[in-house]
Amino acid sequence: MGDPYLDILPLHDWLAPRWKKLLIAGPCGAESPDQVIQTARGIAASGKASVFRAGVWKPRTRPGAFEGKGEEALGWLQQVKKETGLLTTVEVANAQHTELALKYGVDILWIGARTTVNPFTVQEIADALSGTDIPVLVKNPVNPDLHLWIGALERINRAGIKKLAAIHRGFSTAIPTQYRNAPLWEIPIGLKSQFPQLPVICDPSHIAGKRELLHDAAQRALDLHFDGLMIETHIHPDKALSDAQQQITPAQLEKFLDELVVREAVSDDRQFTHMLQTLREVIDEIDDDLLRALSRRMEIVEQIGEFKHEHNVTILQIDRWLEILSTRTATGEKLGIDKDIVAELCQLLHKASIRRQTEIMKGLQEKSK
Ligand code: PEP
Ligand code: MN
């Protein structure tokens, strides 16, 4: 199977941003010719968006909800492109959608979160794309599974699509959060770490689920150096047939963009560069100390393992573990370190300790046979 690999073109080779980042905007769903063109005109007026999005086939949780206008709406998007010059993008969820979108000259396709979870469907779309060079954006799967996301990107890439990007739209989680879809930022960071050349766009609309949370999610994405934003925008959001609570008007979109701070990845200010370098050297030293302390801790763990073996005592000592967790989080809090971070760190240490003690006991057991 080999390591995952993506043979892709840089974003700016195939899509020009018109704002400081790539901006894709448009309604959740294409509802009527009027709603589509009015929204597109509003978005085009600001000159900041490069691409107009609109769902033509809508994946809905319950039957009977608005499922999109289908093929006829593809004609409305042609009109948008003709009148505003915006490129167009729609979601495709099977081979038939893909063929129709290609037939109507849609510029960019996106694969939705409910499709990315299914390798059969992604492969069906990949096969329908083979021989074309249309750009494809792959949303993360609904569930927090980085491998599934990478697998979908690979399938599309292997069909010959080099104009490829990922969209982060948050994840379903067992425990509800304030967001509609929990951002779990470590997952897109994991994706970027494996494929530094892969453009990653954030869809804060589907993360937030409501307008009030939109700004924070988008700002976070920009601070994490995402390459662009996809923002659901509707001429009359409250009347939208899907995702009404998270959409904003084209005028609100302008204001929303103005309120975001877009930072640079690097600065050429010499004083800044010098200071950053100095601070990083301090961090390097602290990390070195941490690792040395960790190594000393593991030596003691080994002794404890041997000792427990000698006295025929179990590795897991739940009372001790709970005591470690509560005392360390309390100390952490006094030192101004977030409780969850300390708890996560303790869990890692405990896991390493259990693993090492298990190895020690197994080794001693074999020896004594
Ligand atoms: C959408 O973009 O409207 C949509 C259905 O998104 P997702 O696949 O992220 O739920
Ligand atoms: Mn939507």
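Predicted model: local features only at pLDDT ≥ 70, side-chain atom pairs only at ≥ 80, totals over all residues.
User: Which residues coordinate the manganese ion (ligand 2)?

Analyst: Donors are N, O and S atoms within 2.8 Å of the metal (3.2 Å for Na, K and Ca), and water is not among the atoms, so sites may look incomplete. Here the manganese ion (ligand 2) is coordinated at 2.1 to 2.4 Å by Cys-28 (SG), His-206 (NE2), Glu-232 (OE) and Asp-243 (OD). Cys-28 lies in the loop between strand 1 (22-26) and helix 2 (33-46), whereas Glu-232 lies in strand 8 (residues 228-232), so the pair ties together parts that are 204 residues apart in sequence. Helices (H or I, at least four residues) and strands (E, at least two) are DSSP runs, numbered from the N terminus.

User: Is Cys-28 buried or exposed?

Analyst: Buried means under 20% relative accessible area, exposed over 50%, and partly exposed in between (1.4 Å probe, protein chains only). Cys-28 is buried, at 2%, and Glu-232 is buried too, at 0%.

User: In what order do the eight strands close into a barrel?

Analyst: Two strands pair if DSSP finds at least two bridges between them. In this model the order is 1-2-3-4-5-6-7-8, with parallel pairing. Strand 6 (residues 164-168) and strand 7 (residues 200-202), for instance, are joined by three bridges, and Ile-167 has Ile-201 as its bridge partner in strand 7.

User: How should I read the numbering and the limits of the model?

Analyst: Residues are numbered from 1 along each chain as its sequence is written, while chains are lettered from A and ligands numbered from 1 in the order in which they are written. Local features need pLDDT of at least 70, side-chain atom pairs count only at pLDDT 80 or more, and totals for chains, interfaces and linings use all residues, while side-chain values use heavy atoms, with hydrogens and water left out.
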